[in-house]
Amino acid sequence: MIGAGSVVFSKNLTGDILSYPEFKDAAFSYMDIDPDRLEVGANLCRKVARTLGATPTIDATLDRRKALEGADFVINMVQIGGFDSTLVDFEIPRKYGLRFTIADTTGPGGFFRALRTYPMLTGLCRDMEEVCPKAVLLNYSNPMCMNMQTIFRTSDVRAVGLCHSVQGTFNQIMRDIGEKPEDVAFVCAGINHMAFYLRLEKDGEDLYPRLFAAADDPKVYATNRVRYELMKRLGYFITESSEHNAEYCSYFIPHREEMIRRFDVPIDEYLRRCDGIVDEFERMKTFSKNDAPMEVRKSHEYGSIIIHSMVSGQPTVVYGNVPNRGSIRNLPDTAIVEVPTLVDRAGLQPTVVGELPPQLVGYMQPHVTQHELFIRAAQEGRRDHIYQAAMFDPLTAATLTLDQIVEMCDELIAAHGDLLPPVDAKKTLVATSGKTFAAVDPKDLRASWDAAQRDAAQDYILEWQVVGPFKSPTPGEVSLDMPTPVEAGWPQPGDGAIDLGAVYQADGQEFRWQPLTANKKGYLPFNRCLGPAEWAVAYAYAEIESVHPRETVLRCGSADGIKIWVNGKVVHQHEEQRSHQPGSDEAPVYLEAGVNRILVKIDNSTGAWGFSLAAPRANF
């Protein structure tokens, strides 16, 4: 595994592989350039093996060629430049007015990440051709299509690009219409993160009418606003998340803040996730060294399935990212497409899907063009192709002028410096911005980002008492109006205070208040102490002081619905199945001088749950 310092991912993939009895004695070699992360990753994988009762050979090395010796399969999960380079990808475009949610697939963030990855990935392929020429490369690194262009256009390595968006999204939309995924047949095709479900059938019945009907339910629509809106316009549901697709097109982010709020578009989402990854690594580092038991569950990643099918001969179908070569007739043969792929002892065999509906090709084609311009820019050293890739990005084109695009690209090239392949090897008549930019110190950007996050988090309430979860009496349903013992007889006339010593009885269990501290960005993760309870509600209570009576506005975000009482009075209620986005709701309130008591009720359908709540400080 190359890039095994991605400790959670390498741990999960190791568990997937070792879940097959045939591989309990397999040999694993983990490689990373960061010795600290490598050690943690390898220790976690050893812990996985002990948990599963497997006895693999596990080696960890900083030497890539050593790791490749004797390999039958190579798994790449490398991100070049880390958080520092990601900050550059966000902050320089922001200066020009261009904002992103994820920036790892397409647009300036995607193709500059691909350019940074190009030297490493071409080197890996050369090493494989020399050290393990028969091995199969399973690539998980984004941007998927551009990285697969690098692999297939610069080497003869057998490879496939893998992503979980096809199977993950399919499970989501089946949940939305109340069907078991294993009972439904589907065909999906397109390009990575922008493939569409062309067919959804159960016993010969087309399930799309039911999916359109589900989209008319506000609760369902709210879970995937961007993707359901695109389905209503294009006629088909798209893979990957709403936060990703919000930046793949020009329909949402460029059109005023109201549109961003309406469609729940989380600007800077990937930067916030990176902060969380740093925190997660510290937890994994501690966990890797202690004797705490580990739970190993098989993920829905395709990697282990491919390895098992190629070794055992047991056929299976996965969705792989491969050169088109006729699989989708109305996309270029040189495009990287995501299509059903048969896997058996003979290897990976992409299937023929045929033509896609023209509106779906129209959605994908600007990105296919970017992919082609990227690989030519990298191979030929052409700066002008970088400009042109940005010009054809729908979000960038809807936000910036042509002069701004060229200037922004020049500044990004200067900022990334030696991480990029040569981009001026071939001179053309296409003009540069004519401006000179100094290299960027990522530490300065990081300090600026951290300061902005600290400023933004200063108003968040961090210390809470929580109680729950109280399960819904009706399976598959939950509501903020669901009665619980917490609200029985509350609030008493007066100030809405909660007895934190109270013991509540429900479903034969006792529930007590317990302390829980929000993370540094103000998010209170109920999963941490209440568990991933489904179809349930829970409460959080806090007290804040105001130096004088005043009117203010509380800002909150939640997963899922949220109800807020201030001093015993309901000030906000928003019933919706959704992911957490800071500040997505606002509630005007009146704070008394002195102590103010806040009770929050959260309901949850499935998945992670929690909330954040900010109360602005007094101005005087």
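The model is predicted, so local features require pLDDT of at least 70 and side-chain atom pairs count only at pLDDT 80 or more, while totals for chains, interfaces and linings use all residues. Residues are numbered from 1 along each chain as its sequence is written, and side-chain values use heavy atoms, with hydrogens and water left out.

**The open sheet**

Select the strands β15, β12, β17, β22, β19 and β20; in that order these 6 strands form an open sheet with antiparallel pairing. Strands here are DSSP runs of E with at least two residues, helices are runs of H or I with at least four residues, and both are numbered from the N terminus. Two strands pair if DSSP finds at least two bridges between them. The edges are β15 (514–517) and β20 (569–574), each of which pairs on one side only. On average, neighbouring strands of the sheet are turned by 25 degrees against each other, direction ignored; the axes behind this angle are lines fitted to C-alpha atoms, for helices over the stretch in contact, and angles run from 0 to 180 degrees between N-to-C directions.

Next, select β19 (residues 562–566), which pairs with β20 in the antiparallel sense over 5 bridges. Within this pair, Trp-565 stands opposite Val-570 in β20.

**Salt bridges**

Side chains of opposite charge can pair when their charged atoms come close. A salt bridge is taken as a side-chain nitrogen of Lys or Arg within 4 Å of a carboxyl oxygen of Asp or Glu, and by this rule the count comes to 32.

Begin with Asp-495 and Arg-597, whose salt bridge has its closest N and O atoms 3.2 Å apart. This pair links distant parts of the chain, 102 residues apart: Asp-495 is in the loop between β12 (463–471) and β13 (503–506), and Arg-597 is in strand β22 (residues 594–604). Asp-495 counts as partly exposed at 35% relative accessibility, whereas Arg-597 counts as buried at 17%. Buried means under 20% relative accessible area, exposed means over 50%, and partly exposed lies in between (1.4 Å probe, protein chains only).

Move to Glu-411 and Lys-95, which form a salt bridge with the closest N and O atoms 2.5 Å apart. Glu-411 lies in helix α18 (residues 402–416) and Lys-95 in helix α4 (residues 82–95), so the pair ties together parts that are 316 residues apart in sequence.

**A buried threonine**

Select Thr-117 in helix α5 (residues 107–131). Thr-117 counts as buried because its relative accessibility is 1%. With contact defined as heavy atoms within 4.5 Å, Thr-117 touches Ile-80 and Asn-147, not counting residues up to four places away in sequence.

**A nonpolar surface patch**

Finally, select Met-391, Phe-392 and Leu-402, which form a nonpolar patch on the surface with about 290 Å² of accessible area together. Patches consist of residues with over 30% relative accessible area and no salt bridge; like charges are joined within 9 Å and nonpolar side chains (Val, Leu, Ile, Met, Phe, Trp, Tyr) within 5 Å. Accessible areas come from the Shrake-Rupley method with a 1.4 Å probe, and for residues only the protein chains shown count as cover. Met-391 lies in helix α16 (residues 383–391) and counts as partly exposed at 33% relative accessibility.
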